[in-house]
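Keep the sequence and the 3D view side by side as you read.

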Amino acid sequence: MAIRLGDDAPDFTAETTEGTINFHEWLGDSWGVLFSHPKDYTPVCTTELGYMAKIKPEFDKRNVKIVGLSVDPLDKHEGWSKDIEETQGAAPNYPLISDPDKKVADLYDMIHPNASDTATVRSVFVIGPDKKVKLSLTYPQSTGRNFDEILRVIDSLQLTAKHKVSTPVNWKSGEDVIIIPAVSDEEAKERFPGGWKTVKPYLRLVPQPK
């Protein structure tokens, strides 16, 4: 069954390279990114996991925990981590789930429908502190993911969770945002006393709230 935005993120207990975790308990009050990769010792995944290790401090700053998953056993994860460090300059510094029975992959509908029944697609789930799914993305096996985009989306999600705004196309943190249509001009005066720019009655731009 497909996981939809707003659904509860399925809970699970799994073995990882950093010990056994209960997913919801492990997340605590943090945001989370769960991302799968088709198989250990594969080229695109090697670049992805190395890059995630390099930018982990950016996730830490945003109170986001990251965890990877594949259907390979722990001993393969550990051996592969050495290759990742050698070729990418950084070894995974976050847990990698071992999911040989595909329990977690099935829970999150990660199995590629038109390929091997053991290969997880390149899935990404962003999960809020309320354990709800806030974002889901699926990439083909041949295409590496853009994890800078995941950070950008998290910035938007965290901002819009606190303020009655949306973020426009290609928005980056620090740029103007959009007052949502449900907020009247009267309410907007209270929420945004510095004023805003009305492009159209339904398109009101305002500096990003702090």
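## A buried pair

Glu48 is buried, at a relative accessible area of 3% (buried means under 20% relative accessible area, exposed over 50%, partly exposed in between, with a 1.4 Å probe and protein chains only). Its side chain meets that of Arg122 in a salt bridge, 3.1 Å from N to O (a side-chain nitrogen of Lys or Arg within 4 Å of a carboxyl oxygen of Asp or Glu). The two residues are 74 apart, with Arg122 in strand 6 and Glu48 in helix 2, residues 43-61. Helices (H or I, at least four residues) and strands (E, at least two) are DSSP runs, numbered from the N terminus.

Arg122 is buried as well, at 3%. A polar atom of its side chain lies 3.4 Å from the backbone oxygen of Pro140.

## About the model

This is a predicted model: local features need pLDDT of at least 70, side-chain atom pairs count only at pLDDT 80 or more, and totals for chains, interfaces and linings use all residues. Residues are numbered from 1 along each chain as its sequence is written, and side-chain values use heavy atoms, with hydrogens and water left out.

## Other salt bridges

The count comes to twelve salt bridges. One of them joins the side chains of Asp8 and Lys132 at 2.7 Å, N to O. Asp8 lies before strand 1 and Lys132 between strand 6 and strand 7, so the pair ties together parts that are 124 residues apart in sequence. Asp8 is partly exposed at 48%, and Lys132 is partly exposed at 29%.

Asp155 and Arg62 also meet in a salt bridge, at 2.7 Å. Glu58, Lys61, Arg62 and Asp155 are linked in a salt-bridge network.

Key:
A polar contact is a pair of N or O atoms within 3.5 Å; within protein, one must be able to donate a hydrogen and the other to accept it, and residues adjacent in sequence count only if both atoms are side-chain atoms.
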